[in-house]
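Please keep the sequence and the model in view while reading.

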Amino acid sequence: MTVLNKSKENPNLDIKSIVEQVQTGDIHAYTEIIRCFQKPIYIYCYYLLGNKEEAEDASQDIFIKGLENISNFSYTVSFSAWLYKIAHHHCIDLIKKKNKGFKFWTGFKKDHANNHTHRQEFEYGDIIHELLEKLNVDERRILLLRSIEEYSFDEIASIMELKPTTVRKKYERLRKKLMKENKLGGDIYEHSFKTGG
């Protein structure tokens with residue numbers, strides 16, 4: 001597996017050297033990690049938890065856990081995959097504690113319905129909302145990590161503590177499931193999928 005030294009969000013940022021700085025005691029360098037991963041971690045949490053406030057709180061907790069455990073990090077996986085693994089476990093724990101029954105997205109339309117200037121963004125968000133409602137939690141996580149964050153099957157397997165072949169099979173089943181539904185049109189669903197390794 002290749003080690004990703006550059007951040008996916010900011011390719012000029014050398015995450016490896018920043019992580020090393022933090023590991024040697026420069027806690028202030030951790031603010032660069034937060035700046036780099038704050039938005040994607042928040043989005044991941046939001047899509048899993050379905051609530052802005054919960055996603056914001058969860059993101060903060062995840063970065064605190066990341067800082068507390070950064071001394072244990074080594075490059076067997078990319079730093080971002082390691083951070084997403086923390087996010088994955090944290091969000092699953094929150095879902096279990098709340099026993100939400102996986103009723104996501106209830107506040108999504110309320111948050112965006114009155115905002116006429118973002119109508120196109122709302123319509124696309126509505127499509128994503130409807131697509132994700134058809135999936136169970138594992139399927140959502142795989143879809144988010146694969147299609148939005150563009151992780152490899154190996155990285156997703158590491159985050160979710162599964163075998164890469166299991167992730168690949170689940171992804172293919174998920175892809176077929178959504179293509180079969182096809183209620184919103186194949187082009188829209190197809191757009192959400194990343195193919196290859």
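A residue is called buried when its relative accessible area is under 20%, exposed when it is over 50%, and partly exposed in between, with a 1.4 Å probe and protein chains only. By that criterion, 42% of the 197 residues of the protein chain count as buried. The model is a predicted one, in which local features need pLDDT of at least 70 and side-chain atom pairs count only at pLDDT 80 or more, while totals for chains, interfaces and linings use all residues. Residues are numbered from 1 along each chain as its sequence is written, and side-chain values use heavy atoms, with hydrogens and water left out.

Helices (H or I, at least four residues) and strands (E, at least two) are taken as DSSP runs and numbered from the N terminus; the protein chain has 10 helices and zero strands. With contact meaning heavy atoms within 4.5 Å, residues 24 or more positions apart account for 62% of the contacts with a separation of 6 or more.

A nonpolar core is a set of buried Ala, Val, Leu, Ile, Met, Phe, Trp, Tyr and Cys residues joined through side-chain atoms within 4.5 Å. The largest such core holds 51 residues, of which Ile33, Phe37, Ile41, Cys45, Ile70, Phe79 and Leu145 touch the most other members. Among the elements that give two or more residues to this core are helix H1 (15-23), helix H2 (30-49) and helix H7 (137-148), and H2 gives the most, with 11 residues. The core draws at least three residues from each of domain 1 (9-107) and domain 2 (121-196), the bounds coming from an automatic or database domain assignment.

Ile33 is in contact with Ile18, Val19, Val22, Phe63, Ile70 and Phe79, leaving aside neighbours within four places in sequence. Where H1 and H2 meet, Ile15, Ile18, Val19 and Val22 of H1 face Tyr30, Glu32, Ile33, Cys36 and Phe37 of H2. These two helices pack at an angle of about 140°, with their axes 8 Å apart; axes are lines fitted to C-alpha atoms, for helices over the stretch in contact, and angles run from 0 to 180 degrees between N-to-C directions. H1 and H2 are therefore oblique to each other, since angles under 35 degrees count as roughly parallel, over 145 as roughly antiparallel, 65 to 115 as roughly perpendicular and the rest as oblique.

Cys45 is buried, with a relative accessible area of 0%. A disulfide is a pair of cysteine sulfur atoms within 2.5 Å, and the count comes to zero disulfides; the cysteine sulfur nearest to Cys45, that of Cys91, is 3.6 Å away.
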